[in-house]
Amino acid sequence: DIDKIFNYLQPILHLHERVILEELKSQHASMNGVAGVFVKYGKWFGIYAQYLQNYNLAVDTLHRYRAKHKAFRLLLSSQRDRNQNRSDKDKENKKKRYQEISSYMIMPCQRISRYELLLKEILTNSFKAQDPKKYSEIKRAHAIVRQVALQNEKLQKAAEDINLLRELQTTLRGLNFPIFASSRHLIREGQLELTVNTSKEGSEPESMSAHFYLFSDLVLWAQDKTFYRGSAPLLDAKLVQVRDEKSYELILKKVQLSHLKPTRKSHRREYSRSRSHSRSRSFSNKPPDSVTSKEAEVVVCMKFGSKRARDAWMSSIDKAIEDCTDVRRSREMLQKNLK
């Protein structure tokens with residue numbers, strides 16, 4: 001199981017510390033020499049695709065051990081707290097917050113992007129007329145690394161989305177039903193001013209500042225990134241512009257709302273409790289009425305800080321709704337043809 005979690009990390013570490021780094025040092029800061037190293041070892045970067053393909057299995061294994069073994073959870077927690085205490089004493093790293101181990105596991109793939117930026121900078125500051133052969137070598141090196149970066153981009157985005165869904169599942173207080181789906185990916189997230197109005201007779205609109213997540217088939221909002229407040233599928237959702245043209249209303253169906261609210265005094269206590277409870281709780285499609293409720297229809301009024309932010313959000317939401325509708329139509333046509 002250790003191999004499942006850290007598979008391919010050792011070869012990646014060996015490649016960069018024992019091979020590429022030593023080669024780069026031997027080039028004595030020669031631009032052409034640096035480019036030659038990446039041309040020579042560029043084909044080895046395919047190991048990153050293998051690492052990313054194994055990422056889901058690694059995270060699954062990690063979460064399985066965390067859920068079943070208390071000693072493993074305590075080990076991870078103690079290591080994170082120990083590192084955090086060290087950074088608090090260090091003035092330069094005082095603002096640094098240490099994350100879950102699964103968040104660090106995606107970081108090795110960022111090295112390829114940094115190599116690409118390095119070679120791009122070298123290419124920008126090189127002159128073809130001065131030495132056409134060296135310039136061609138640098139350009140070739142950049143193209144090789146760029147191709148690897150593009151190949152890894154989709155795999156890395158999928159891995160990051162899975163990691164986000166798992167983090168939300170384990171950290172959001174009040175979220176006691178599964179939101180993970182292999183086809184679900186994040187489109188946009190950010191802090192918005194929301195007014196939530198249910199279709200219940202006599203209920204009053206509730207205003208809040210919430211972190212809003214737009215996924216490919218789902219919207220979800222939470223307060224303080226800790227308290228789950230609501231979610232709904234994008235299928236059959238409608239986007240309507242309000243008369244003042246400064247805000248939009250998102251009409252949602254099959255909404256699941258949480259009635260848990262953060263308070264200043266209990267925020268830290270609730271956050272700590274949610275992290276410990278989330279590891280062992282079971283999920284149900286019918287959460288307790290005291291915590292959540294299902295609404296036939298909910299209108300979420302969204303306000304934005306700028307016209308640019310509004311246009312970006314509206315374009316993303318509108319396209320996501322359209323894509324969900326297209327997927328349903330395609331499925332209906334396929335089922336009809338099969339009959």
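Tutor: The accessible surface of the chain comes to about 21100 Å², and 50% of it belongs to carbon and sulfur atoms; such areas come from the Shrake-Rupley method with a 1.4 Å probe, and for residues only the protein chains shown count as cover. This is a predicted model, in which local features need pLDDT of at least 70 and side-chain atom pairs count only at pLDDT 80 or more, while totals for chains, interfaces and linings use all residues. Residues are numbered from 1 along each chain as its sequence is written, and side-chain values use heavy atoms, with hydrogens and water left out.

Of the 339 residues of the chain, 40% count as buried, a word that stands for under 20% relative accessible area, with exposed meaning over 50% and partly exposed in between (1.4 Å probe, protein chains only). The chain has ten helices and seven strands, taken as DSSP runs numbered from the N terminus, with helices (H or I) of at least four residues and strands (E) of at least two. Among contacts between residues at least 6 apart in sequence, 67% join residues at least 24 apart, where contact means heavy atoms within 4.5 Å.

Now to the rings themselves. A pair of aromatic rings is described by the distance of the centres and the angle of the planes. Rings of Phe, Tyr and Trp (its six-membered ring) pair if their centres lie within 6.5 Å, and planes under 30 degrees apart count as stacked, over 60 as edge-to-face and the rest as tilted. The structure holds ten aromatic pairs. Among them is the stacked pair of Tyr-213 and Phe-215, with 6.3 Å centre to centre and 15° between the planes, and both Tyr-213 and Phe-215 are buried.

A charge sits over a ring if NZ of Lys or CZ of Arg is within 6 Å of the ring centre and within 35 degrees of the ring normal. The charged end of Arg-166 sits over the ring of Phe-180, 4.8 Å from its centre, and the charged end of Arg-188 is placed over the ring of Trp-313, 5.8 Å from the centre of that ring.
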